[in-house]
Amino acid sequence: MAGETMEGVGMSHTEREAQLLGAAGRLVELAKSKGADQAEAFASGGEMTQVAFEDSDLKQVQMDEFCSVGLRVIVGGRQGFCSTNQLGDASLGQAADDALA
């Protein structure tokens, strides 16, 4: 995958889980450092394999990995939410800003 999406196509389940947990933790820390009274994050990811047949012949196999992290914040009794499928620091920082806006 390109950009700031999940790095390391073909990473193990344990590696993917560690990456997502790390991103969720960073997102909560960012939100709190930017003024959130409370913050919680949700992360999910997985793999998808598509197989296409034509006239009983294998035509195409496509494998994709996906990820998403979401952030819910409370600031002064108000709630905010944002999610992203980009796990880089810049994207997580923007997600925290968006949730707090």
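## Helix 1

In this predicted model, helix 1 covers residues 13–33. Its 21 residues reach 30 Å from the first C-alpha to the last, close to the 30 Å expected at 1.5 Å a residue. Just after helix 1, Gly-35 takes a positive phi of about 115 degrees.

The buried residues of helix 1 are Arg-16, Leu-20, Ala-23, Ala-24, Leu-27, Val-28 and Ala-31. They lie on the same side of the helix, because the arc they cover around the axis is only 135 degrees. An α-helix has 3.6 residues a turn, so residues three or four places apart point the same way. Thr-14, Leu-21, Glu-29 and Ser-33 are on the other side of helix 1 and are exposed. The cover over the buried residues of helix 1 includes strand 1 (38–54), strand 2 (57–75) and helix 2 (89–100).

Three strands form an open sheet with antiparallel pairing, in the order 1-2-3. Strand 1 and strand 3 (78–84) are at the edges; each has a single partner strand, so one side of each lacks a neighbour in the sheet. From one strand to the next, the twist averages 15 degrees.

The antiparallel pairing of strand 1 with strand 2 runs over 17 bridges. Ala-43 has Val-69, in strand 2, as its bridge partner.

## Helices on the sheet

Helix 1 packs on the sheet, where it touches strand 1 and strand 2. The direction of helix 1 makes about 145 degrees with that of strand 1.

Helix 2 lies across strand 2 and strand 3.

## The nonpolar core

The largest nonpolar core has 17 residues. Those touching the most other members are Leu-27, Ala-31, Ala-39, Val-69, Leu-71, Val-73 and Leu-87. Helix 1, strand 2 and helix 2 are the elements that give two or more residues to this core. Helix 1 supplies the largest share, five residues. In soluble globular proteins, nonpolar side chains tend to be buried together.

Two of these core members, Leu-27 and Ala-31, are also listed among the buried residues of helix 1. Val-69, another of them, is the bridge partner of Ala-43.

Ala-39 illustrates the contacts in this region. Leaving aside residues up to four places away in sequence, Ala-39 touches Val-28, Ala-31, Lys-32, Leu-71, Arg-72 and Val-73.

Conventions:
Residues are numbered from 1 along each chain as its sequence is written. This is a predicted model: local features need pLDDT of at least 70, side-chain atom pairs count only at pLDDT 80 or more; totals for chains, interfaces and linings use all residues. Side-chain values use heavy atoms; hydrogens and water are left out. Helices (H or I, at least four residues) and strands (E, at least two) are DSSP runs, numbered from the N terminus. The expected span of a helix is 1.5 Å times one less than its number of residues. Buried means under 20% relative accessible area, exposed over 50%, partly exposed in between (1.4 Å probe, protein chains only). The arc is that of the directions from the helix axis to the C-beta atoms. Contact means heavy atoms within 4.5 Å. Two strands pair if DSSP finds at least two bridges between them. Axes are lines fitted to C-alpha atoms, for helices over the stretch in contact, and angles run from 0 to 180 degrees between N-to-C directions. A nonpolar core is a set of buried Ala, Val, Leu, Ile, Met, Phe, Trp, Tyr and Cys residues joined through side-chain atoms within 4.5 Å.
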